[in-house]
Amino acid sequence: MVTISVDDQPMVSQEIINIMNEIDPEGTHSGYSDISKALDYVKEAKPDVAWLDIEMPVMSGLELSMKIKKLSPNTNIVFVTGHEKFAYQSFQLHASGFVLKPITKEAILRELDNLRNPVEMPRTGLVRVQCFGNFEVFDKEDRPVKFKRSRSKEIFAYLIDRRGALCSVGELCGVVFEDREEDRSLKKQMRVFIAGLRDDLSKIGAENVLVKGWNAYGVDCSLIDCDYLNYLKGDSVAVNSFMGEYMIQYSWSEMTLGELIMKP
């Protein structure tokens, strides 16, 4: 993604650039306080998104947006201001969005999720995980991951459900073998399944997703692109994809499903 931020206060543009670099590290994110240089950049780069301060001394963001639209009709205009009074004017100009200062990452993400001209964001994470409906895992090429053991896949599902919290071997035994009494043999089996999970992830270059603690395991959520985790962040695509089903092949998932259904 290519974005430009124009603000007469360079610190504000830099703040947006920092947030965009965090959201889209592979993209190109530039900032300008000089209007003429900003327009030159728009003419050359045809940015996907332009974050425009409304109150600027040389030219207002409202005027600048019309010039940008002539140079790059598909650029999404998002106005950035400290005053809500400009909201009506911005929507009259068919802007994509409106962000109030102080700027937050959540506000930027919300606008990126609802762009007038949608931009395909590069998928982040070493694996893509689908929790809504059946639980499924996909590699970086979006191919289904084949688990050698179904129990290994279930363990991975439970660790995703726990959202990165470390889970003891005993806890995992209680979930996967809910009808059996925990003993040394059961824990040995569990370690075999965990080793299998590590091997399965290693084959797709995602071994770092599995995190090991003291006799406990978890997942690094920052390395996972997951509809459930994105839903909890308020991602609009994930929210719209939830149809009342969650990891339907696992009975222990019903508690989380209830929480999702009750979530406002």
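Predicted model: local features only at pLDDT ≥ 70, side-chain atom pairs only at ≥ 80, totals over all residues.
Helix 6 and helix 11 (254-262) each supply at least two residues to the lining of the second largest pocket. Helix 11 gives the most to the lining, with three residues. The pocket holds about 200 Å³ of space.

Which residues line the second largest pocket? They are Tyr158, Asp161, Arg162, Arg163, Val175, Tyr228, Trp252, Met255, Thr256 and Glu259. Sort this lining by class and you get five nonpolar, one polar and four charged residues.

Is Lys153 buried or exposed? Lys153 counts as buried because its relative accessibility is 16%, and the cut-off for buried is under 20%. Now look at what touches Lys153. Leaving aside neighbours within four places in sequence, Lys153 is in contact with Phe135, Glu136, Phe147, Gln249 and Tyr250.

Glu154 forms a salt bridge with Arg151, and their closest N and O atoms are 3.4 Å apart. Both residues sit in helix 6, three residues apart, so about one helical turn separates them. Glu154 counts as buried, at 11% relative accessibility, whereas Arg151 counts as partly exposed, at 31%. Elsewhere, salt bridges that share partners join Asp7, Asp53 and Lys101 into one network.

How many salt bridges does a search of the whole structure find? The search finds eight. One of them brings together the side chains of Arg128 and Asp142, at 2.8 Å from N to O.

Asp139 counts as buried, because its relative accessibility is 8%.

Now turn to helix 2, which covers residues 35-45. Here the pattern of burial is the thing to see. Ile35, Ala38, Leu39, Tyr41 and Val42 are buried. Where do these buried residues fall, seen down the axis of helix 2? They fall within an arc of 160°, so they line one face of the helix. On the other side of helix 2, Lys37, Asp40, Lys43 and Glu44 are exposed.

What covers the buried residues of helix 2? The cover includes strand 1 (2-6), strand 2 (28-32) and helix 3 (61-71). Just after helix 2 comes Lys46, which takes a positive phi of about 50°.

Arg116 and Val42 are 74 residues apart in sequence. In space, their C-alpha atoms are 18 Å apart. Arg116 is found in the loop between helix 5 (105-113) and strand 6. At 48% relative accessibility, Arg116 counts as partly exposed.

The last stop is another loop. Glu207 is found between helix 8 (184-203) and strand 9 (210-213). Glu207 counts as partly exposed, with 35% relative accessibility. What does Glu207 contact, leaving aside its neighbours within four places in sequence? Glu207 is in contact with Leu201 and Ser202. Leu197 gives one more distance to check. Glu207 and Leu197 are 10 residues apart along the chain, and 8.9 Å separates their C-alpha atoms.

Definitions and conventions:
Residues numbered from 1 in each chain as written. Heavy atoms only, no water. Salt bridge = Lys/Arg side-chain N within 4 Å of Asp/Glu carboxyl O. Buried < 20%, exposed > 50% of the residue type's maximum accessible area, 1.4 Å probe, protein only. Helix = DSSP H or I, 4+ residues; strand = E, 2+ residues; numbered from the N terminus. 1 Å grid on protein atoms, 1.4 Å probe; cavity = no way out; pocket = protein on both sides within 12 Å on 5 of 7 lines; lining within 4 Å. Points joined across faces, edges and corners; volume = space filled by probe spheres on them. Nonpolar A, V, L, I, M, F, W, Y, C, P; charged D, E, K, R; others polar. Arc of directions from axis to C-beta. Contact = heavy atoms within 4.5 Å.
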